[in-house]
Amino acid sequence: MGFFVRLTDAIAARQTLLVTGLDPNPEMLQAWAHRRGMGGRSFLSQARHWIKAVVEATADHVCAYKPSLGFYQALGPVGLELLREVRELVPLDIPLIIDAKHGDLNSSSALAHYLFRGLGADGVTLSPLAGQDIAAPFLLYPDKAVVITCHSSNAAARVLQHHPNEDDPLYLRIVRESQLWATPDQLLLEVGTSDPAILARVRQEAPERFLILRSLWGEEDRLDALLEAGLSPSADGLLMPLPQNLLVEDDIAERSAALKLRISERRDQWLERRARDQSDVCSLWLPDRRQDSATQASAGPQDDGVGNGAGDPLASLIVDLFDIGCLLFGDYVQASGAVFNYYVDLRQIISDPNLFHRVLHAYAGQLGELVFDRIAGIPYGSLPTATGLSLQLHKPLLYPRKEVKAHGARRLIEGDFEEGDRVVVVDDILITGSSVLEGIAKLESSGLEVEDVVVFIDHGGQADTSARQRLARQGYRCHAVLDIPRITGVLHAAGRLSDGQAATLGYAPPARALGVGGLLASS
């Protein structure tokens, strides 16, 4: 599982945008240790007890931990052993980001291997002044992340960071340049500031990146202003630190929970206000914190009670797919020979990296609970998707050939595998199930085991389950991200489809939505 998926899963599971440092600062810990009768113990003992107490108090309220490497290095060899204890204490489903601010090219490869393979960390902060070369050794680990420090709150840094002028300051050039180094799932930005205006400028330059706010807010209204400036359009994308002084108090858990709730309430208000202005906004990563997770899991596609797709967590993605031409109207012959009066063309997404990434994340949501050793794509349409999922989930890729060549190795299955490996099959759209079953037959004839099939679109949905039943009769479970009725409901509600086009797709708009849908479609 890649860093981005792990981070967003932690955000959703704990309903939080908070991160916390684990910095054993001697000045900070002195009073904490004395209150607990540990004043006479070694600093190493005090630090060990403090780290354990902070993790236990905050594990339900944060989505990442970020210990500063320098504090541990300052303790010598025992400090690095203490850092290993941190790795053991932090729950494995919460990302561990080492705050190194690393900027030395010569030691980058060695540090990347130590942090990611030796220590088992999930991310690292880097200084960007050496350029892309500083990030390259760390980006070789596809399931890990780098965090580029683009702005420091240190007052003395302003003369450099804001050079040559406020119209085009250095820190914004760093933001623009660093986004070329890696995709949003592997590169985040750290912003040290308590000035909402600076944060807003970074967000404007990096609308799709996760931002980690480093500095603390000092005024009562500063938190609201920072949230307003830094949240992404889906009301996430901004990780906020627990104040350092809170971490030495006696009620860490209670105060962390209170801050998490305050941020969640502000975020809900922000979403409601934005929804009034933009009807196509949805909360992509954070489900409603008031819903029980078990209820969410069994609820299926969300709607507003009349079946028009309002409030659908994938609404924005569906609309964007339509806007790039993934849904076409006319007479089209399908692979099965059937003629439809529309055509779903998902091949368009491979030319839009951001949209492709969002589609992959939607697939990953279906794959998250499945057990498998390898991913298999069905030629040719789903091969780019299967490749992307292989890289994102760090699972080996293979695929059954559409035809076996008469020369070369004459393989039926491309990719390395062993007999008995469990394979999840990925395809783009399920209509009759014939192509999927043909691919599965080739996989199983080579000794591979298949139990699950994941498709982006189930053409029949709940109205026509014949394809799903066909797979089920042969022992295969089918998991779909979307179906045609759900897509149609969202597009009709968003004004992308007229009543007539929606009817072409077999969708009958709810009576109370007809006026709105018709008005939007004609505007």
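In this predicted model, Glu419 has a relative accessibility of 71% and therefore counts as exposed. Glu419 sits in the loop between β13 (413-414) and β14 (422-430). Together with Asp373, Glu444 and Glu449, Glu419 forms a negative surface patch.

Asp458 lies in strand β15 (residues 449-458) and, at 4% relative accessibility, counts as buried because the limit for burial is under 20%. Leaving aside residues up to four places away in sequence, Asp458 touches Leu430, Arg468, Ala480, Leu482, Asp483 and Ile484.

Turning to charge pairing, the whole structure contains 31 salt bridges. One of them joins the side chains of Asp99 and Arg214, at 2.6 Å from N to O. This pair links distant parts of the chain, with Asp99 in strand β3 (residues 97-102) and Arg214, 115 residues apart from it, in the loop between β7 (211-213) and α11 (222-230). Asp99 is buried at 5% relative accessibility, whereas Arg214 is partly exposed at 37%. Both residues belong to a network of salt bridges that also takes in Lys66, Lys101 and Glu190.

Asp122 and Lys144 form another salt bridge, their closest N and O atoms being 3.9 Å apart, and both residues are buried. In the salt bridge between Arg176 and Asp168, the N to O distance is 2.6 Å. Here Arg176 is partly exposed, with a relative accessible area of 33%, and Asp168 is likewise partly exposed, at 28%.

Terms used. Residues are numbered from 1 along each chain as its sequence is written. This is a predicted model: local features need pLDDT of at least 70, side-chain atom pairs count only at pLDDT 80 or more; totals for chains, interfaces and linings use all residues. Side-chain values use heavy atoms; hydrogens and water are left out. Patches are made of residues with over 30% relative accessible area and no salt bridge: like charges are joined within 9 Å, nonpolar side chains (Val, Leu, Ile, Met, Phe, Trp, Tyr) within 5 Å. Accessible areas come from the Shrake-Rupley method with a 1.4 Å probe; for residues, only the protein chains shown count as cover. A salt bridge is a side-chain nitrogen of Lys or Arg within 4 Å of a carboxyl oxygen of Asp or Glu. Lys and Arg count as positive and Asp and Glu as negative; His and the chain ends are not counted. The place of a charge is taken as NZ of Lys, CZ of Arg, CG of Asp or CD of Glu. Helices (H or I, at least four residues) and strands (E, at least two) are DSSP runs, numbered from the N terminus. Buried means under 20% relative accessible area, exposed over 50%, partly exposed in between (1.4 Å probe, protein chains only). Contact means heavy atoms within 4.5 Å.
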